[in-house]
Amino acid sequence: MSNAADLQLLVSPDREGNALSGRVRVPGDKSISHRSIMLGAIADGETRISGFLEGADALATLSAFRRMGVEIKGPEGGEVRVRGVGLRGLKAPNGPLDVGNSGTSMRLLAGLLAGQAFTCTLIGDDSLTRRPMRRVTEPLGLMGARIATAEQGTAPLTIEPVPSLRGIDYAMPVASAQVKSSLLLAGLYAQGETCVSEPAPTRDHTERMLTGFGYSVRRKANRVCLTGGGRLTAARLQIPADISSAAFFLVGASIAPGSDLTLEGVGINPTRVGVINILRAMGADIELLDRRTAGGEPVADIRVRSAPLKGIAIPVDQVPLAIDEFPAIFIAAACAQGETVLSGAGELRVKESDRIQVMADGLTALGVSAEPRPDGIRIVGGPIGSGVVQAHGDHRIAMSFAIAGLRAAGPIEVRDCINVETSFPGFADLTASVGLPIRERRL
C-alpha cells in the first residue's frame with residue numbers, strides 16, 4: 001500500500017460559486033462488490049458480475065480469493081467473471097492474505113475462513129491493524145472457530161482449522177453489518193442453524209445475495225437465520241452505484257446554490273438510505289426517479305437540487321442506516337442554519353479513523369463550531385473558512401472536506417488522502433466534471 005501522506009486534495013472555491021450540475025454515475029457499491037467476489041468464489045459454476053468497483057478495497061478481496069485458487073477474469077470496465085470452486089474448494093494461500101485498508105475484507109473473511117481446512121493469516125495496513133476485531137472473533141469463537149489476534153484484539157488474525165463449526169443463536173450487542181455477515185458466512189460451514197439478531201437494522205446485502213445464489217435464508221423482523229451444509233449456485237450480478245459514494249454529491253448539490261444534479265443508478269436499499277432520510281429532514285430537495293431493481297437490489301436515479309438546510313437532532317433509528325455517510329452529513333450540518341446533534345453513533349470512533357474527533361478537528365480548523373461527544377457530535381452551522389485539514393488516511397474524511405470547498409471562503413487543503421483511491425477511484429475527475437475542480441498533489 002502507498003504511504004497515507006502521498007496525496008493531498010486542494011480545493012479553491014470559485015468567486016462566483018460552484019454549482020453542481022449534470023448527470024453522473026458514481027462507482028459501484030463497495031459492500032456489494034466485496035460480497036459478489038466472496039459468494040461467487042464459493043458457489044458452483046461461473047458468476048458474472050457487472051458494475052464491480054475497481055477500487056483498492058474491493059480489489060483486495062478479489063486478490064485474496066485468487067491466492068486461494070479461484071480463477072477470476074477481470075475486472076475490465078467493471079466486468080468480472082468468477083469461476084466458483086464450491087463451498088469446500090478453497091486452497092491454502094502461500095503466505096498471509098494482505099487486505100490493505102479494507103475492514104470489510106478482514107471481518108467477512110474471518111467468518112468465511114473459519115470453516116476452511118487450512119490455516120490462514122489476515123494482515124492489513126497500519127490503519128486497519130489498529131481497528132478492533134474482537135467484535136467478530138469473539139462470536140466466531142462461540143461457534144468453535146480458532147482465531148488468534150494481537151494482544152489488543154487487532155490484526156493480524158490467524159485462523160486455524162477446526163473439526164467443525166456449530167451454529168449459534170447470537171444477539172449482537174451493537175448493530176454491525178460486518179459482524180452479522182461474518183457470522184452468516186461462518187454459518188454456511190456450521191452444523192445446524194446459525195441465527196443473528198440485531199438491535200437495529202443494518203445493511204442486508206449478504207442476506208439478499210445469498211438468496212440470489214440459491215441459498216435458503218430465513219428473515220423475520222430483526223433476526224436472520226440459515227442452516228449450514230447447503231450449496232450456492234452461480235449467478236449474474238448487476239452492482240448498483242454506491243450510495244456511500246453518492247452521499248458526497250447529495251451533500252454537495254444541497255449546499256451549493258444553483259445546483260441541479262442527477263446521480264444515475266444508485267442503490268437505495270432500505271438499510272442504506274439513512275443519508276437521504278437525514279438530508280430530507282434537514283430540508284434537502286432530493287427526488288428518487290425511475291425506481292427499479294438490479295441484481296436483487298432496489299435502484300433509482302437521484303435528483304438533488306440546492307436548498308436551504310436547517311439543523312436537526314438526528315433520529316437515533318437512522319444512525320445504522322447512515323453509519324458510513326456521517327462525515328459528509330457533518331458538512332451539511334456545517335452549512336445548515338442552527339445546530340445539528342448526533343448521538344448513539346459511538347461506532348464512528350472505530351472506523352478508518354476516529355471520525356467524530358477527526359471531523360470535529362477539521363471543522364474547527366475551518367472556523368465551524370463542532371463539539372465532539374462520546375457517541376456523537378454537536379455542530380452549529382456557520383461560515384466555512386479556509387485552512388488545512390488532516391484526513392488521517394480516512395477516505396471519507398478526505399472527500400467530505402473536499403466537498404466543503406463548495407461553501408468555503410477560501411482554499412481548503414486536505415492532507416493524508418491516498419486512501420480515497422481505495423473506495424472512489426477517479427473522485428477528483430468526477431467532481432470536476434460536474435462543477436467542482438479538485439487538484440491532486442502527490443508528495
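Mentor: A salt bridge is a side-chain nitrogen of Lys or Arg within 4 Å of a carboxyl oxygen of Asp or Glu, and we shall apply that cut-off to this predicted model.

Trainee: What makes Glu352 and Arg355 a salt bridge?

Mentor: Their closest N and O atoms are 2.9 Å apart, and the cut-off is 4 Å, so the pair qualifies as a salt bridge.

Trainee: Why is Asp285 called partly exposed, and what does its salt bridge with Arg305 tie together?

Mentor: Asp285 has a relative accessible area of 29%, and because buried means under 20% and exposed over 50%, with partly exposed in between, Asp285 counts as partly exposed. Its side chain meets that of Arg305 at 3.5 Å, N to O; Asp285 lies in strand S18 and Arg305 in strand S19, so the pair ties together parts that are 20 residues apart in sequence.

Trainee: How do you know that the buried residues of helix H14 lie on the same side?

Mentor: The buried residues are Phe427, Ala428, Leu430, Thr431 and Val434, and they cover an arc of only 165 degrees around the axis, which puts them on the same side of H14. On the other side of H14, Asp429 and Ser433 are exposed.

Trainee: What makes up the lining of the second largest pocket?

Mentor: The lining divides into 2 nonpolar, 3 polar and 6 charged residues, and Lys351 and Glu352 are among them, while the volume of this pocket is about 150 Å³.

Notes: Residues are numbered from 1 along each chain as its sequence is written. This is a predicted model: local features need pLDDT of at least 70, side-chain atom pairs count only at pLDDT 80 or more; totals for chains, interfaces and linings use all residues. Side-chain values use heavy atoms; hydrogens and water are left out. On a 1 Å grid over the protein atoms alone, a cavity is a set of points where a 1.4 Å probe fits but cannot get out, and a pocket is an open set with protein on both sides within 12 Å along at least five of seven lines; lining residues have an atom within 4 Å of a point. Grid points are joined across faces, edges and corners, and a volume is the space filled by probe spheres set on the points. Ala, Val, Leu, Ile, Met, Phe, Trp, Tyr, Cys and Pro count as nonpolar, Asp, Glu, Lys and Arg as charged, and the others, Gly among them, as polar. Buried means under 20% relative accessible area, exposed over 50%, partly exposed in between (1.4 Å probe, protein chains only). Helices (H or I, at least four residues) and strands (E, at least two) are DSSP runs, numbered from the N terminus. The arc is that of the directions from the helix axis to the C-beta atoms.
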